[in-house]
Amino acid sequence: MTIYDFAIVGAGIAGASLAAELGEGGARVLLLEAEDQPGYHATGRSAAFWEECYGGPELVPLTLASGDYLRENGFLTQRGALYIGRERDAPALDAFMERFGPTGATIQRIAREPLRELIPGLREGWTGAVWEPACADIDVASLHAHYLARAKAAQAVLECRARLGEAVRREGIWSLACSDGRVFAAKVLINSAGAWADDVAGMAGAGPLGIQPLRRTVVQLRTAPAPRPDQPLVLDISGRFYFKPEAGRLWLSPHDEEPSVPCDAAPEELAVAEAIDRLEQVVDWKIAAVERRWAGLRSFAPDRLPIYGYDPRVEGFAWFAGQGGYGIQTSPAAARLAAQLLLGRTRDCMTQNLDASLYDPARFG
């Protein structure tokens, strides 16, 4: 039986990007994917954008460090983003500027008139915004395929329909039994299982860290007028909605975060109705049809920061999980940093300014 250096549970964007980095670092890597194909859950359902302030100031360095890689490899399409508010939201907009101004994010405060030009049909009452010109759409499918291809070229082995059922460590080697009877062996087990991360930790004897899956709903609308292709991503400064154009349609979310068990997430009608009601309070567009609706699970640690590195309690067990909704936009720098931590390598120009202690599993005690 082949003994891999690393076995990664989960082949979404997190597992795929880390497999590529570890494989190119000379490690023998196994990717275990429970579904028929990689990216079925959170990765395949993301309305992802590269947005410098998303996730909070502690995530900005990871996002900025990933930007050049995403741009240079053709995964970003410039869009821009607006955090909008009513007159009563002016203190929240000011606080946003104060919070993110020192991080290096490119942001500026704008008033009603330029806001109306950027959002045709904007209703009265929306009086100010924070403008983030660098925000861009991410081609998620291409990025995920890119990392899977890099991993394959580095001799990483992908096993689909390989749902982990048992993980036992003996004499420095993990025996990993899948539900279909297949058994694999690895020196290090890496938990990149998204919504199932705490379940995998339990199998390995590490115990849960309190990673909570939260359901996020997205709906595709046909509107009259149709959104302009160059319209920005629009987010409510109070966190009640966001929307953006997509191939002549509008992708809209009520920005919901409903706690869920790990599952194949499905949208709820109430969340769809709330999203449409909130949109109608922002713009005067007519909703011609609801064409699609879907939901995905975004998984957060208790402090909403990701978890990278070796577990302090269980030898040979590592985390690459809890990446919320920002795992795609931070994937280049996150995977590079995690691989350097796991391989004991020095930092490079992408990761040299990142504070790994923010994401260390040991912070949970």
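This is a predicted model: local features need pLDDT of at least 70, side-chain atom pairs count only at pLDDT 80 or more; totals for chains, interfaces and linings use all residues.

Student: How do the axes of helix 1 and helix 5 lie, and which hand has the crossing?

Tutor: The axes of helix 1 (residues 13–24) and helix 5 (residues 140–153) come within 8 Å and cross at roughly 35 degrees. The crossing is left-handed.

Student: Why is strand 20 called largely enclosed?

Tutor: Buried means under 20% relative accessible area. In strand 20 (residues 317–321), 5 of the 5 residues are buried, so the rest of the structure largely encloses the strand. Phe317, Trp319 and Ala321 point one way, Ala318 and Phe320 the other way, and all are buried.

Student: What makes strand 12 and strand 20 a pair?

Tutor: Two strands pair if there are at least two bridges between them. Strand 12 (residues 183–191) and strand 20 have 3 bridges, in the parallel sense. Leu189 stands opposite Phe317 of strand 20.

Student: And how many bridges join strand 19 to strand 20?

Tutor: Strand 19 (residues 307–310) is joined to strand 20 by 4 bridges, and the two run antiparallel. Gly309 stands opposite Trp319 there. The hairpin of strand 19 and strand 20 has 6 residues between the strands, and in it Gly316 takes a positive phi near 75 degrees.

Student: How do you know that the buried residues of helix 3 line one face?

Tutor: The buried residues of helix 3 (residues 90–100) are Leu93, Phe96 and Phe100. Seen down the axis of helix 3, they fall within an arc of 55 degrees, so they line one face. The face turned away from the buried side carries Pro91 and Glu98, which are exposed. Among the elements covering the buried residues of helix 3 are helix 2 (60–72) and strand 5 (81–86).

Student: What puts the buried residues of helix 6 on the same side?

Tutor: In helix 6 (residues 197–204), the buried residues are Ala197, Asp198, Val200, Ala201 and Ala204. They cover an arc of only 160 degrees around the axis, which puts them on the same side of helix 6. They pack against strand 1 (3–9), strand 10 (164–170), strand 11 (173–178), strand 12 and strand 20. Gly205, with a positive phi near 85 degrees, follows helix 6.

Student: Is Arg278 buried or exposed, and how do you know?

Tutor: The cut-off for buried is under 20%. Arg278 has a relative accessible area of 15%, so Arg278 is buried. Arg278 lies in helix 7 (residues 269–280). Leaving out residues up to four places away in sequence, Arg278 touches Arg240, Phe241 and Pro254.

Student: Why is His255 called partly exposed?

Tutor: Partly exposed is the class between buried, under 20%, and exposed, over 50%. His255 has 22% relative accessibility, so His255 counts as partly exposed. His255 is in the loop between strand 16 (249–253) and strand 17 (258–259). Phi of His255 is near 60 degrees, a positive value in a residue other than glycine.

Student: What is the class of Arg304, and on what value?

Tutor: Arg304 has a relative accessible area of 36%, so Arg304 is partly exposed. Arg304 sits in the loop between strand 18 (286–300) and strand 19, with a positive phi of about 65 degrees although it is not a glycine.

Student: What is the peptide bond from Ala224 to Pro225 called, and on what value?

Tutor: That bond from Ala224 to Pro225 is cis, with omega near 0 degrees. Pro225 belongs to the loop between strand 13 (212–224) and strand 14 (233–236).

Methods
Residues are numbered from 1 along each chain as its sequence is written. Side-chain values use heavy atoms; hydrogens and water are left out. Axes are lines fitted to C-alpha atoms, for helices over the stretch in contact, and angles run from 0 to 180 degrees between N-to-C directions. A crossing is left-handed if the near helix is turned anticlockwise from the far one by less than a right angle, and right-handed if clockwise. Buried means under 20% relative accessible area, exposed over 50%, partly exposed in between (1.4 Å probe, protein chains only). The arc is that of the directions from the helix axis to the C-beta atoms. Contact means heavy atoms within 4.5 Å.
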